[in-house]
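Please keep the sequence and the structure in view while reading.

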Amino acid sequence: MATETDAQRAAAVTEDSAKRVHVPERSAPGADPEIVLTEVPAAAAATEEVLVLDFGGQYSQLIARRIRDCGVFSELLPHETSLERITERAPKALVLSGGPASVYADGAPDLRTELLDLGIPVLGICYGMQLMARELGGKVEQAPAGEFGRTQLSLRDGGGTLLDGLPAEQQCWMSHRDTVFEPPPGFDALASSPESPVAAFESRERGLYGIQFHPEVVHTPHGTQVLTRFLRDIAGCRERWTPASVIDEQVDAIRSQVGEGRAICGLSGGVDSATAALLVHRAIGERLTCVFVDHGMMRKDEASQVVEAFRDRLGVPLVHVDAADRFLERLAGVDDPETKRKIIGEEFIRVFEEQAAEVGDAGYLVQGTLYSDVIESGGEGREAATIKSHHNVGGLPDEMEMELVEPLRTLFKDEVRAVAAELDLPDRFVWRQPFPGPGLAIRVVGGEVTRERLDILRSADAILQEEVRAAGLYRELWQSFCVLPVVRSVGVQGDERSYAHPIVI
């Protein structure tokens, strides 16, 4: 079942944005507003970027994603990021996100007014606008009734620079209790709504802009136009963030990092590791070795598809390790699902260690880490050279000292798919649904994993995927899969009773 966050993030994908940067899809659930955010290195020094400072809003990731949809690189940083770090990045503009707090609540995030004097445009959204208004002398108070959901927005005097050319009456999406009743001195009010006397304002002289509504969700039909106006016409950003630009920048970055060294990549068959591998292969060629550990628990024909695509079609050096018997021996008699996960993770590490030892002089490990992984994990960046754990690998041992190469570290999932398509990765991999590392093993429920049960589940899952594709739904579904409960049920097959495993879809 989709959560509210699923819907919000899926809402960020529009027909207009698909033409620019990403390939539309249903994204995984977004980051919790209270998680620790971690800064990642800029994609390249030459890339123009806009920094989104997060004040805890539920839509903060959506803002960064939608700015990228407009062709401009954007990153989400904590609102307390130091002024020095922000100025070092030399952003073209700042965006102040929304947040759940009242600007007058004890402990609520504050706005450092120095951020408004950097000489670059600043756009405050919802809470960000309210902070800007309060700090600069405007009037912000709690409204008699807040606005939550679809709201009518009325422009004043043509909407000023920010909203010029938009309909005088339009729908927008609001989510606030506090309201700006008077703009700060020197600011022009641009719009109002039933409960917001000042729903947008601007000071063209200072380059400061604020909107009470959320332009990043599709419930604000003209939201993309508002963001585009701010990014292109006000901040002077050029639409340079494209799959092709990502490839060029990351290939250069990989060559700079790896030099004449060798790298190894644990290839799973999913789009993340596949795309990371292709980027590194383009950068260093035969000095990359991909290791595909086939634990015997993949979906039907996936192992052969990985070998055919990477070794035969794309020419990527690939070691295919058929370790199905080894994994099944370790799983014999194990019923507990968490124990299954741990066994498979540990065995994967052992197999990968052995293959890495054979490669010998590989000093770099390629990971398919995504930007959402970085945000949600609160990791420490690239500084640590000794690999201790990572969700893509499952926890490599301390003694394996390799430097991480993470070419997807600044990308969201949909952007990875767009880059993968640009790299000519076959569609079957570009659009492959996410699949857990332990594979079908965790979908055998209530009993041990055996070859027979895996074969039953694999066949059933293949039928399901065939029907989903035939119905034209494969790209519409985030995941679709079968589960095999280790029980037998009585049914009727033909004119006789049957006694077989049920399949849960």
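## Charges over rings

Over the ring of which residue does the charged end of R432 sit? The ring belongs to F429, and the charged end of R432 lies 4.5 Å from its centre. A further case involves R443, whose charged end sits over the ring of F481 at 4.0 Å from the ring centre. These values, like those that follow, come from a predicted model.

## Overall composition

The protein chain contains 16 helices and 18 strands. Of its 505 residues, 56% are buried. Contacts between residues at least 6 apart in sequence join residues at least 24 apart in 73% of cases.

## Aromatic pairs

Seven aromatic pairs are present in the structure. In one of them, the ring centres of F55 and Y127 are 5.9 Å apart and the ring planes stand at 55 degrees, so this pair is classed as tilted. F55 belongs to the loop between β1 (49-54) and α3 (60-69), whereas Y127 belongs to helix α5 (residues 127-135); the pair therefore ties together parts that are 72 residues apart in sequence. Both partners are enclosed: F55 counts as buried at 4% relative accessibility, and Y127 counts as buried at 1%.

Another pair is formed by Y209 and F230, with ring centres 6.2 Å apart and planes at 70 degrees; because an angle over 60 degrees counts as edge-to-face, the pair falls in that class. Y209 is in strand β9 (residues 208-211) and F230 in helix α7 (residues 223-234), so that the pair links distant parts of the chain, 21 residues apart. Y209 is buried, with a relative accessible area of 4%, and F230 is buried as well, with a value of 0%.

Why can helix α5 be described as largely enclosed by the rest of the structure? Eight of its nine residues are buried, and the description follows from that count. The buried residues are Y127, G128, M129, Q130, L131, M132, A133 and R134. Y127 is thus both a buried residue of α5 and the ring partner of F55.

The cover over these buried residues includes the strands β3 (93-96), β4 (122-125), β5 (139-155), β6 (169-182), β8 (196-203) and β9. Just after α5, G137 adopts a positive phi of about 100 degrees.

## Helix α10 and strand β12

In helix α10 (residues 302-313), the buried residues are E302, A303, Q305, V306, V307, A309 and F310. They pack against α9 (271-284), β11 (288-294), β12 (318-322) and α15 (427-430). The helix is followed by G315, which has a positive phi near 70 degrees.

Strand β12 contains H320. The C-alpha atoms of H320 and C290 are 8.5 Å apart, although 30 residues separate them along the chain.

## V351 in helix α12

V351 is located in helix α12 (residues 337-359) and is buried, with a relative accessible area of 1%. Leaving aside neighbours within four places in sequence, V351 is in contact with V293, V321, A323, R326 and F327. Between V351 and A323, which are 28 residues apart along the chain, the C-alpha separation is 8.1 Å.

## Packing of α8 and α14

Two packed helices are described by the angle between their axes and the distance between the axes. For helix α8 (residues 243-258) and helix α14 (residues 413-422), the angle is about 80 degrees and the axes are 9 Å apart. An angle from 65 to 115 degrees counts as roughly perpendicular, so α8 and α14 are placed in that class.

Which residues make this contact? From α8 they are P243, A244, V246 and I247, and from α14 they are A418, V419 and E422. By type, the residues of the contact comprise six nonpolar, no polar and one charged.

Technical notes: Residues numbered from 1 in each chain as written. Predicted model: local features only at pLDDT ≥ 70, side-chain atom pairs only at ≥ 80, totals over all residues. Heavy atoms only, no water. Phe/Tyr/Trp six-rings, centres within 6.5 Å; stacked < 30°, edge-to-face > 60°. Helix = DSSP H or I, 4+ residues; strand = E, 2+ residues; numbered from the N terminus. Buried < 20%, exposed > 50% of the residue type's maximum accessible area, 1.4 Å probe, protein only. Lys NZ or Arg CZ within 6 Å of the ring centre and 35° of its normal. Contact = heavy atoms within 4.5 Å. Axes fitted to C-alpha atoms, helices over the stretch in contact; angles between N-to-C directions. Parallel < 35°, antiparallel > 145°, perpendicular 65-115°, else oblique. Nonpolar A, V, L, I, M, F, W, Y, C, P; charged D, E, K, R; others polar.
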